[in-house]
Amino acid sequence: MSEKIASVNVGCSNSKKLKWFAWGTGGLIVFIGLLVFVVFLVLHPSKPSFNLEDVTVYQFNVSKVPPFAITIIMQVTLSSRNPNSRIGVEYQPLHVYATYRDQQITMAYLLPPTYQGHKEPVVWSPPLTGYDMPISPYSQQSSDQDWHAGVVLMNIKLQGDVKWKVGTWISPKYHLYVHCPANIRFGDLSNGGPNLIKGQPVDHCDVEIAS
């Protein structure tokens, strides 16, 4: 009888030890997480910078009769730099596309997930295409004017989610918006449309990060 009582006492003792161990481990994990989060707040990460390095347009046509549409084949080169010396940036799948007069004129190109380390640059060169992308009559008239002026202002946009990384801690998702204006200057228009056009970035890209 005494042996059974001793066995029960040992079982209860072991159960209590396991509970205390579980509570202690959980508390330690929470403490480390809070510590890293506080460090993250103190470091106050700066948003990455973006530049539009190159724009090459291989084909650009606008229909002259309704329904109005644009066909375009182009390739852009975007670069990003992480200015933080202690915080990494995790880019979730990002979407890149081109707009004209606030209308999307290419399909969105999906960039793969990318990790950007401390002070590291990242370069992407996605192709952007749009076949018979519908535009408004106003945009068609504006494109006709721009065509004869020899320059079209387009915008290269990038959207997606990013996360900050400090050590093993990863932040919740934040939404990234990047807006890069570029002047597309036409050369010879005698054949109804140029075969190759080099674009010129207007300024540095605007970057927004929102929760």
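Leaving aside neighbours within four places in sequence, Ser 139 is in contact with Tyr 100, Arg 101 and Gln 103, where contact means heavy atoms within 4.5 Å. Ser 139 belongs to helix H2; helices here are DSSP runs of H or I with at least four residues, strands are runs of E with at least two, and both are numbered from the N terminus. This is a predicted model, in which local features need pLDDT of at least 70 and side-chain atom pairs count only at pLDDT 80 or more, while totals for chains, interfaces and linings use all residues. Residues are numbered from 1 along each chain as its sequence is written, and side-chain values use heavy atoms, with hydrogens and water left out.

Back to the serine: with a relative accessible area of 1%, Ser 139 is buried. The scale puts buried at under 20% relative accessible area, exposed at over 50% and partly exposed in between, using a 1.4 Å probe and protein chains only. The side chain of Ser 139 makes a polar contact of 2.7 Å with the side chain of Gln 103. Such a contact is a pair of N or O atoms within 3.5 Å; within protein, one must be able to donate a hydrogen and the other to accept it, and residues adjacent in sequence count only if both atoms are side-chain atoms. Ser 139 and Asp 102 sit 37 residues apart in sequence, with their C-alpha atoms 9.1 Å apart in space.

One joins the side chains of Asp 144 and Lys 64, at 3.1 Å from N to O. This pair links distant parts of the chain, 80 residues apart: Asp 144 is in helix H2 (residues 137–149), and Lys 64 is in the loop between E1 and E2. Asp 144 is partly exposed at 27% relative accessible area, whereas Lys 64 is exposed at 53%. Another joins Arg 101 and Asp 146, at 3.3 Å from N to O. Here too the partners come from distant parts of the chain, 45 residues apart, with Arg 101 in the loop between E3 and strand E4 (103–104) and Asp 146 in helix H2. Arg 101 counts as partly exposed at 35%, but Asp 146 is buried at 14%.

Then there is the nonpolar core, meaning a set of buried Ala, Val, Leu, Ile, Met, Phe, Trp, Tyr and Cys residues joined through side-chain atoms within 4.5 Å. The largest one has 43 residues, and those with the most contacts inside it include Phe 50, Phe 60, Met 74 and Leu 176. Strands E1 (49–62), E2 (69–81), E3 (88–100), E7 (121–124), E9 (151–166) and E11 (174–185) each supply at least two residues of this core. E9 gives the most, with seven residues. Beyond four places in sequence, Phe 60 touches residues including Ile 70, Trp 147, Phe 186 and Ile 197.

As for E7, Val 122 and Trp 124 make up its covered face, and Pro 121 and Val 123 its uncovered one. E7 runs antiparallel to E2, and four bridges join the two; DSSP must find at least two bridges for strands to pair. Ser 79 stands opposite Val 123 in E7. Over in strand E3 is Gln 92, buried at 19% relative accessible area. Not counting residues up to four places away in sequence, Gln 92 touches Pro 113, Asp 161, Lys 163 and Lys 173.

Key: A salt bridge is a side-chain nitrogen of Lys or Arg within 4 Å of a carboxyl oxygen of Asp or Glu.
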